[in-house]
Amino acid sequence: MRSLGRYLLMRTLLTIPMIFVLVTMVFIILRVMPGDPVKASIRPGAPQEYIDEIRHSLGLDKPLYVQYGEYLWDLLHFDLGTTLSPVRGQSVAEQIWQHFPATLELSLAAMLVTAVVGIGLGAYAAHHRRSLADYSLRLYGIVIYSIPVFWLGLMFQLVFGVWLGWLPIAGRISSLSAAPEHITGLYTVDSILTHNWPALKDSVLHLIMPAMTLGLYLSGVFVRLTRSNMLQVLKMDFVTAARARGIPERTVVYRHALKNALIPIITMLGLQFALLLAGAVLTESTFSWPGLGRFLVERITYRDFPSIQGTVVVFALLVASVSLLVDILYAWIDPRIRY
Amino acid sequence: MTEPLLQVEHLTVTYETRQGPVRAVDDVSFTLQRGEVLGLVGESGCGKSTLGMALLRMVRPPGKITSGRILFQGRDLMQLSEKEMRQLRGRHISMVFQDPMTSLNPLQRIGDHIVETIRVHEPKVSKKEAWDRAAQLIQRLGISPDRLKDYPHQLSGGMRQRIMIGIGLALNADLIIADEPTTSLDVIVEAQFLDLLRELRDEFNLTMILITHNIGVVAELADRVAVMYAGRMAEIGPVQPIFHNTLHPYTRGLLASVPSIRLEDGLELETLSGAPPSLLEPPPGCRFHPRCPQARPVCSEKTPPWKEVHPGHGTACWLYAEEEA
Amino acid sequence: MKTNQKTKKLAEEPTSLLGRLLRGASWYGAEWYWTATGAVILAIIILVTIFAPVLSPYDPIVTVGGPFERPGGGQVVLLAPKDSGITSPEGLKVAVYYNTTASVVAEDYGMTPRPYQVDKDLFEKVRAGEAQAVLISARDAAEALQKNPDFVQVGEPFGPRFWLGTDNLGRDILSRLIWGARAVLAVAILSALFSAAVGIPLGLLSGFFGGWMDRILSLVMDSIYSFPGLILAIAVAAMLGTGVINIAIAISVVYIPTYFRMTRSQVLSIKEELYVEAARALGAKQREILGMYIFPNVVPTLVVVFSLNVADAILTEAGLAFLGLGLQPPTPDWGFDLNKGKAYLPRGYWWPITFPGLMITLVALGFSLLGEGLGEILNPRLTEE
Ligand SMILES: Nc1ncnc2c1ncn2[C@@H]1O[C@H](COP(=O)(O)OP(=O)(O)O)[C@@H](O)[C@H]1O
Ligand code: SF4
Ligand SMILES: [Mg+2]
């Protein structure tokens, strides 16, 4: 399919301006806006020479347009600089790479929860339109979205961690020595790959609450999206036609209609991914989950300027690539699409 | 006379809208014999589709069948459970919809549509058998069996409409309701499709309700014609008398709008002027009176009664009814 | 005719916001109730905000009791030896535990507290003559009297009462909730106003004039829109520092694209409408068309967006505060209180983290319900069938 190939190429090219804008935005926020990151990062009373030295090493003493040029140049080479504190001189890229698998594992698990809960309930609500269940589920969509995700996490910790004592309330694993051998960095996957069953049990137990928290938080949006898509699809002629052929209602709704409703949902995944990342930052902080979000927050307290900049840039790249990926997936799944 | 296949008695369907009830089908009665093709005509919005859906008990909400009976093979459909009704749909009564572009599941292969329908109603049939049956059938409909593996968007509108008919034939449905099956096809495809329908009618002895707003289509295919206006039945009769011995002024107006139909008695026909009424607040009396060239004072006051003017040919019009004092 | 019918139907629907609202539950069903519920919640919250000084039982930033006093707790009783003749707490030298509401109350009532470690037996101290009476939490009185039959209760329980308990610093949680509403609403509404003030004009101009400026603005706005809002706010807040205005700015950056996109798309569709074309044909100036025809039509949608935006802003503010990037302590702030309370959660202190979270949810829910309900009511496509 040459036309599909061309579409993919065009779509990829379109991602470039988006990445450019996001990266520039990060630059503006971190360098152009008021606030001196270096001064803030150093204990009051430090000698001026020391401050100047750091500023110089970061290139912050140069004119803004030079800084901007160097910033873009470094990014092109995936050079995110080195850390300032708590330890000076570590590679930011390496730090980010170390924290990435935790975020990935949490996000994937959360998306699983979201997909099951959100899509299932959304389809059910649409099927039973204007019933009590429908109204309750719509309300659920609004209420769950109004609950701060970190508070949801705290409540889970309180109930399942403290009161019932079923699940651990912090971290990815009981102790570092219990962690499985590093292959992908996803503890659950790695422990399966290495047949390390105690580690699997341990990491799954640690994963349940954070994944439920983040997943339920996102499920509200998916209930609504699925419901409204389903309502549209259920109104379509082919659904009526299927019913008129005597196909059982369940098959019509959950096989024929839902499949069709899911396709547009895939496109919306791109936007929901931003919500997922924002939620992940808060969830990670709640559960002391050693991922990118917690890394970012931790470095903010240390005022580690290069790490902050690097992490935010990585988030921007993630957003752009996921939105690209989703569009490609969409083009690939839907048999109707001919570009 | 044998028992009719379908007997509709005083059927009324109401849409409960926010502005108030809309009676899209109002006190409609007719019968249909096995092997007969009934053309159901009327301007768009007069309730034809609603009537068609009502026969399957599938009126879309907020619509509801509010009164009347539907006797199909002697059974009152209103008394059936939802499950019995479902078993009847597709198996005994099959429906072909107006827009073939949208009436097939875009993510399901053509063959799977047919196979699924066969297996829902005949669970003992294996997938393979059902697929073979589908292949034979669509070959008869002039489509290569390879196309069974295609997705709907890969087929032309005419092919898809043939597939829709094919699904009905696959199960030997007793009654096929075709709701404006040719409206969204272009003229040549429409002609081909109507030819096919005619062949199938003769070959399979189809019983069919052909819904259309184009009375010209009816002339070629139907044995009898039912004319609806604003939710009510205006005239029913065999096709010849309807065309050549027209009773209801509305039918006359409809005929006049078809250029190819010449009426023998040379009566000057006025084409219809004005728009059909809102069914929310329909005109009192005969609903056609604001547009009727022959309206009388009584027409705007009382609903004209149904009158069988000739055997098998009836109408609801004050021109043919005695006004009681 | 189906379409005729539909256009007629729409024409009969009242088009003004007020008209639609007054149509009431019979027309709009659930949506109407949502709007009403949201409005009621918000009305209560706003009243609470206005009357915070009156409603708040204590000063929210001052230690008024012991740490982690349970909800409903705080009252103390005076237990004196039998036949001691003590009838009033005034001027007594009393034995209390450290860090309890009793030690705070003792000073308020002019007693001299002799605080002891928790494991020391207060009653022994009284018997040893180091203090005249024991002042303990009312909750523990019955058990203490049973163990020490030589003591009796003097008078009724007295002292403060903390309906929602106290936090780790012995501050009244209820008072902090009430005052916290002020801070949260101030930040959220301010930030929504900032976003609107930037996003709406840009959207109007961009949509109305089009051209390359429109394309660039759209690209920038879409990019920001696609970026996780909280992370953006974190970055801005980390640079700007704390304070109501700074936090409000940090949050507002996130939601400018929402206003921009909404306004722009509305302008694009309204621009094509007949009456705007007509005004143009009659020689109306660009500025007039924009101000007199287009802007007023965008307003109802913006009301919805604003309401939803405030809900989002509340959650973002809470998130920032939870991460330690919120208002400057000791300003009462729900998100910050959750941050602090989190540390004590493993010990089972549920009340410091339960109530602030409930409040955030409630206020965000109020704005969401209002926005959602209004949105559905305003949007005939969704409500019509
Ligand atoms: N879902 C609905 N809600 C309200 N009214 C409807 C609905 N569907 C159809 N109607 C009304 O019923 C009347 C008949 O519609 P329909 O049966 O589709 O007519 P036709 O098929 O003859 O064009 C129309 O006038 C329309 O106003
Ligand atoms: S009843 Fe009267 S108005 Fe109606 S069709 Fe007959 S003549 Fe015309
Ligand atoms: Mg129709």
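Hi everyone, let me start with ligand 2: the residues of its shell divide into nine nonpolar, three polar and no charged. One word of caution before I go on, which is that this is a predicted model.

So who sits around ligand 2? Chain B supplies His248(B), Pro249(B), Cys286(B), Phe288(B), His289(B) and Cys292(B), and the list continues with Gln294(B), Ala295(B), Cys299(B), Cys317(B), Trp318(B) and Leu319(B).

Let's stay in chain B and turn to the sheet. Eight strands make up an open sheet with mixed pairing, and the order across it is β6-β7-β8-β3-β9-β10-β12-β11. Which strands stand at the edges? They are β6 (93-96) and β11 (306-310) of chain B; each has a single partner strand, so one side of each is left without a neighbour in the sheet. Going from one strand to the next, the twist averages 20°.

There is also a helix to look at here. Helix α1 of chain B, residues 48-55, packs on the sheet and touches β3 (37-41), β6, β7 (175-179), β8 (208-212) and β9 (224-229) of chain B. The direction of α1 makes about 155° with that of β8(B).

Opposite Ile236(B) you will find Gly314(B), in β12(B).

Last stop, chain C. Domain 1 of chain C covers 14-57 + 171-377, while domain 2 covers 72-162. How far apart do the C-alpha centres of these two domains of chain C lie? The answer is 51 Å.

Conventions: Residues numbered from 1 in each chain as written. Chains lettered and ligands numbered in written order. Predicted model: local features only at pLDDT ≥ 70, side-chain atom pairs only at ≥ 80, totals over all residues. Heavy atoms only, no water. Pairing = 2+ DSSP bridges. Helix = DSSP H or I, 4+ residues; strand = E, 2+ residues; numbered from the N terminus. Axes fitted to C-alpha atoms, helices over the stretch in contact; angles between N-to-C directions. Contact = heavy atoms within 4.5 Å. Domains from an automatic or database assignment. Near = heavy atom within 4 Å. Nonpolar A, V, L, I, M, F, W, Y, C, P; charged D, E, K, R; others polar.
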